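Dear colleague,

Please find below the structure that I am handing over to you. My notes on what was found in it follow directly after.

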Amino acid sequence: MQRNEIIDELITRKLFLEDDVIILADGFEDAMLGVTARKPTCAIYDFWKCLDITIKDEDMNFDEALEWLEEFIEEDMGEHSPIYLKNI
């Protein structure tokens, strides 16, 4: 799913209002799981899928990709920062 399709789907399902704010992580569209049920609305991504995408798209080995992703997700974007879920 592309970025604009994700936004359209969120609006259609009334999971996100047109005047709400949401931060989406570029390049991780295939790893998106959904959004939080609470406000503020935050995008939720599968950490392991993000790692896989990083390895493939950036041509990094596992350790390099893990280090890069961990630094990336620590960036503070405020209350709307995406959440990265480590499924067990």
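In this predicted model, the largest nonpolar core is made up of 21 residues. F28, M32 and Y45 have the most contacts inside this core. As general background, nonpolar side chains in soluble globular proteins tend to be buried together.

Leaving aside residues up to four places away in sequence, Y45 touches L24, A25, F28, A31, M32, L33, C50, P82, I83, Y84 and L85. Two of these partners, F28 and M32, were named above among the residues with the most contacts in the core.

The next feature is the largest pocket, which holds about 170 Å³ of space. Its lining consists of M1, I6, E9, L10, R13, L15, E29, M32, L33 and G34. By class, 6 of the lining residues are nonpolar, 1 is polar and 3 are charged. Both α1 and β1 supply at least two residues of this lining.

Finally, the cysteines were examined. A search of the whole structure finds 0 disulfides. C42 is in no disulfide, and the nearest cysteine sulfur, that of C50, lies 15 Å away. C50 is likewise in no disulfide, its nearest cysteine sulfur being that of C42. Are these residues buried or exposed? C42 counts as buried because its relative accessibility is 2%, under the 20% cut-off. C50 also counts as buried, because its relative accessibility is 0%.

Yours sincerely

Note on methods. Residues are numbered from 1 along each chain as its sequence is written. This is a predicted model: local features need pLDDT of at least 70, side-chain atom pairs count only at pLDDT 80 or more; totals for chains, interfaces and linings use all residues. Side-chain values use heavy atoms; hydrogens and water are left out. A nonpolar core is a set of buried Ala, Val, Leu, Ile, Met, Phe, Trp, Tyr and Cys residues joined through side-chain atoms within 4.5 Å. Buried means under 20% relative accessible area, exposed over 50%, partly exposed in between (1.4 Å probe, protein chains only). Contact means heavy atoms within 4.5 Å. On a 1 Å grid over the protein atoms alone, a cavity is a set of points where a 1.4 Å probe fits but cannot get out, and a pocket is an open set with protein on both sides within 12 Å along at least five of seven lines; lining residues have an atom within 4 Å of a point. Grid points are joined across faces, edges and corners, and a volume is the space filled by probe spheres set on the points. Helices (H or I, at least four residues) and strands (E, at least two) are DSSP runs, numbered from the N terminus. Ala, Val, Leu, Ile, Met, Phe, Trp, Tyr, Cys and Pro count as nonpolar, Asp, Glu, Lys and Arg as charged, and the others, Gly among them, as polar. A disulfide is a pair of cysteine sulfur atoms within 2.5 Å.
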